[in-house]
Amino acid sequence: MSAAFCLMMTVWIIFAVCSDVDGGLYRAQTDGPAEVAMEVKQYFPLFAEGRILKKDALDIIRDYAPDFFSLLFEEYGNGIVCGFQIRGQGKEIRVGPGILKNGPAFFCLKEEARLQYSLYGQMVQIVLKRTADEASADFQEQTYRLTLEPVRTLGEEEYELGRFMLEQGARLRAYEDYKDFNDLTTEFNTLNAVHVPFSCQNGSSLAPFILRLYGRGVLHSPKAEPLDLSFAALCLNGSRISSQLIREYLLVREQAGDNCQSNLQLYLGLRRLYTRIVSGGEARRNLQDMSGKTMID
């Protein structure tokens with residue numbers, strides 16, 4: 001078989017597969033026996049004056065977003081996909097729009113939610129909980145509830161969005177107010193997002209902004225090793241870092257990653273490293289050890 005004929009066959013197969021792929025929803029022609037090539041057609045409904053509204057057109061609109069999210073996050077665990085930023089405003093706690101993955105389903109909070117706050121002087125958490133599913137002839141309804149309550153162990157289909165202890169008259173510090181990575185768990189008047197589960201591959205992990213704080217500090221430290229710099233660059237460049245990668249990093253640097261299962265354990269492991277690399281804890285210990293000794297260069 002000549003090289004020219006093989007090239008012609010290859011071009012024909014590529015053309016046959018790609019000729020009808022033009023964006024939108026698709027429908028594969030799979031009837032009959034398997035063939036060398038398969039047409040993949042995609043459909044967009046066109047709504048125009050004088051046209052009849054068809055059920056198929058409405059089905060396409062209904063199915064597109066759930067199918068898209070299900071495929072995009074198929075390998076991801078339960079947790080926050082994006083959003084749900086927390087801010088304090090007077091006596092209100094405001095929860096920004098966001099998307100949550102809960103099993104095969106997704107919940108989208110489209111508008112800012114406001115919760116009244118009166119639990120001063122005690123640690124509270126913001127909880128998003130799926131409470132009910134109902135179905136009628138026309139709709140399937142999923143109900144979620146936002147609450148502010150004292151910190152407790154959460155159950156199935158309950159997700160923490162943050163915790164804090166606010167003093168009366170104080171302002172809740174969050175996000176741009178953090179001084180550095182160590183500031184995330186300050187006890188009073190500071191949003192603690194360490195326990196918030198962010199959806200990642202095969203599970204959940206720390207929020208991306210937490211890891212960006214770690215990466216920013218480590219990347220500018222002269223004591224950082226090459227592995228630290230590589231991990232810091234990932235933290236600054238990636239949208240999310242899986243908990244498995246964090247555990248592997250801690251295992252190499254501290255031989256302690258296997259014991260880090262929860263978000264809090266991951267954070268504490270990173271904070272120990274951050275103290276040694278950025279905050280100068282290791283350097284201070286060396287200075288103390290050298291007391292009473294004369295160093296000759």
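1. Start with Glu-160, which sits in strand β11 (residues 158–164). Strands here are DSSP runs of E with at least two residues, and helices are runs of H or I with at least four, numbered from the N terminus. The model is predicted: local features need pLDDT of at least 70, side-chain atom pairs count only at pLDDT 80 or more, and totals for chains, interfaces and linings use all residues. Residues are numbered from 1 along each chain as its sequence is written, and side-chain values use heavy atoms, leaving out hydrogens and water.

2. Glu-160 counts as buried because its relative accessibility is 5%. Buried means under 20% relative accessible area, exposed over 50%, partly exposed in between (1.4 Å probe, protein chains only).

3. The Glu-160 side chain makes a polar contact of 2.9 Å with the side chain of Gln-125. A polar contact of 2.9 Å also joins the side chains of Glu-160 and Arg-163. The term means a pair of N or O atoms within 3.5 Å; within protein, one must be able to donate a hydrogen and the other to accept it, and residues adjacent in sequence count only if both atoms are side-chain atoms.

4. Now the rings. The structure holds 14 aromatic pairs. Phe-73 and Phe-106 form a tilted one, 6.1 Å centre to centre with 55 degrees between the planes. Rings of Phe, Tyr and Trp (its six-membered ring) pair if their centres lie within 6.5 Å; planes under 30 degrees apart are stacked, over 60 edge-to-face, the rest tilted. Both Phe-73 and Phe-106 are buried.

5. Phe-107 and Tyr-144 are stacked, at 4.2 Å and 25 degrees.
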